[in-house]
Amino acid sequence: MGRGVPAPEVIGITADHRVVKRRRKSKQARLLYFARDGSLMRMQKDTQTPASEDPHAALAALNARVDELVEAAGPERWTTDTPAEGWDVGMQIAHLAWTDEVSVTAINDADAFQAVVESAMADPTGFVDVGAAEIAATGRDEVLARWRLARGELADALKAADPGDQIPWFGPPMRPKSMTTARIMETWAHGVDVADALGVAVDTDPAFLGALPHVARLGFKTRAFAYMMNGLEAPASEIHVALTQADGSVLEFGTAGAEQTVTGPILDFCLLVTQRVHLDDTALVAVGEDALGWLRIAQAFAGLPGGGREKGARA
């Protein structure tokens, strides 16, 4: 395609996974997707401080740290229960291996990935558990070997992908940078579960802290997505999010001066949007009905809404 011709912009994905495109009219591409009633919804756009760290480096560091925790714990802690009901440490790692493998498939073979999507649609509430359980059943050594291989292949594939490519996924399609961020989010969330089970604090851990800006940005951008997944209409109100980091700096997203606001620790926000903590157990402050309503259903992950954690589980 010639330099003078703008690349097509993906503006939506329909319920039957058809991608809708149009020519870009400006450099500011907008990602939209269709709600259940067929109306278009726009992905929330952040307009404030970006996360400056390279997402590939953040993902690599996080993977290495979670691997280190599991290795240090040894085989005897492999079956230790995690805060996720029914999932021990082995299931958590098996799930990461499965998702990394599927991500590689999505990048390299769209037809094969579509077959995975069809299997997921046949069992939307159980396919994640089934995929993880099948890998977990192979035993600790095999699970770790598969995870290490898959995450390495995924890192290479994400770096080699054309930045403008649209990679299919279970939610809206993503560009490579967005998929990298999504992998940070999921690895961080399951890594938190593993760390909690092993008694390791994540609030001062460099690898876990380094992932927070990326998780937070995705949590903000998926505001409207959370409403869609809950069968609700997303409010049209602007929102401003200001999150305090460990060094005292503030990471901001959204519209400065908006009436709807969310403030508080970045760790609490990331735990909430990955549904690792109950809202009442955080120090987040929501001003405005729309801000509070969002925090009650926030989810940064693709798929059906989760039940979240019980109040007091992570007080």
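Let me begin with a charge and a ring: Arg 151 lies over the face of Trp 147, 4.4 Å from the ring centre. A charge sits over a ring here if NZ of Lys or CZ of Arg is within 6 Å of the ring centre and within 35 degrees of the ring normal.

A word on the basis of these values. This is a predicted model, in which local features need pLDDT of at least 70 and side-chain atom pairs count only at pLDDT 80 or more, while totals for chains, interfaces and linings use all residues. Residues are numbered from 1 along each chain as its sequence is written, and side-chain values use heavy atoms, with hydrogens and water left out.

The largest cavity holds about 30 Å³ of space, the volume being the space filled by probe spheres set on the points, which are joined across faces, edges and corners. Its lining consists of Leu 59, Asn 63, Asp 100, Arg 151, Leu 154, Ala 155, Arg 183 and Thr 187; lining residues have an atom within 4 Å of a point. Helices H1 (55-73), H5 (140-160) and H6 (176-198) each supply at least two of the lining residues, and H5 gives the most, with 3 residues. Helices are DSSP runs of H or I with at least four residues, strands are runs of E with at least two, and both are numbered from the N terminus.

I turn now to the aromatic residues. There are 9 aromatic pairs, counted where ring centres of Phe, Tyr or Trp (its six-membered ring) lie within 6.5 Å; planes under 30 degrees apart count as stacked, over 60 as edge-to-face and the rest as tilted. Trp 98 and Phe 170 are stacked, because their ring centres are 6.4 Å apart and their planes are at 20°. Trp 98 belongs to helix H2 (residues 89-108) and Phe 170 to the loop between H5 and H6, 72 residues apart. Trp 98 is buried at 15% relative accessible area, whereas Phe 170, at 23%, is partly exposed; buried means under 20%, exposed over 50%, and partly exposed in between, with a 1.4 Å probe and protein chains only.

A further stacked pair is Phe 220 with Phe 253, at 5.5 Å centre to centre and 15° between the planes. This pair joins helix H7 (residues 206-221) to strand E6 (residues 250-254). Phe 220 is buried at 0% relative accessibility, and Phe 253 is likewise buried at 0%.

Finally, Trp 98 and Phe 170 belong to one aromatic cluster with Phe 113, Phe 127 and Trp 169.

Definitions and conventions: 1 Å grid on protein atoms, 1.4 Å probe; cavity = no way out; pocket = protein on both sides within 12 Å on 5 of 7 lines; lining within 4 Å.
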